[in-house]
Amino acid sequence: MSYIAPNEDAHKLIFESVQVEGLIVEFSAFITGFTDNFISEWERETVYGRMDPIQNFKNTRREISLEWALIAASSDQAQANMRKVSKLTRMLYPTVAQAGYGVAVNGSPLIAIKLDNLISNTDGTDRGLFGSVDGFTYTADTAAGWFEQPNFLFPRVYNLSCTFHPTHT
């Protein structure tokens, strides 16, 4: 497994909730996969008498696929990693407000992501790139083993991934 940097302080992968102030998760950037797709969509119509179709541009979308590993050298670090994963998954839910006899959605679960120059806002600030994720997948690497405590198992390695859809602002 190769990483961007083995030094924890060198690079950080940062997720920040846009709706919930102060909800931020930082990971050491042990990046195992990165793909940045730019997809242009065209409407092509074949008409009589033309060799080539008439092409009308619709939009350009960006899709970033990201994979990273959370590696724990100790039981305390493994527990901290589990808390980070839990905090990260909380960012997938909308904010809600009390409304009559129930709750109503108050805000969409939008996220800002920052990873050095690979994923960042280009407005000259040090902010993350704004958008949405389809979800997060995390898998405990069972071959790497576990830290065990009574009634608790903490993976030594988590493998995480997500697909991020930046919003052009």
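How many salt bridges does the structure hold? In this predicted model, local features need pLDDT of at least 70 and side-chain atom pairs count only at pLDDT 80 or more, while totals for chains, interfaces and linings use all residues. Residues are numbered from 1 along each chain as its sequence is written, and side-chain values use heavy atoms, with hydrogens and water left out.

The structure holds 2 salt bridges, a salt bridge being a side-chain nitrogen of Lys or Arg within 4 Å of a carboxyl oxygen of Asp or Glu. One is formed by D36 and R62, whose closest N and O atoms are 2.6 Å apart. This pair links distant parts of the chain, with D36 in strand 3 (residues 31–45) and R62 in strand 4 (residues 54–71), 26 residues apart; strands are DSSP runs of E with at least two residues, numbered from the N terminus. D36 is partly exposed, at a relative accessible area of 25%, whereas R62, at 17%, is buried (buried means under 20% relative accessible area, exposed over 50%, and partly exposed in between, with a 1.4 Å probe and protein chains only).

K58 forms a salt bridge with E41, and here the closest N and O atoms are 3.6 Å apart. This pair also links distant parts of the chain, K58 lying in strand 4 and E41 in strand 3, 17 residues apart. K58 is partly exposed, with a relative accessible area of 47%, and E41 likewise counts as partly exposed, at 31% relative accessibility.

Definitions and conventions: Helices (H or I, at least four residues) and strands (E, at least two) are DSSP runs, numbered from the N terminus.
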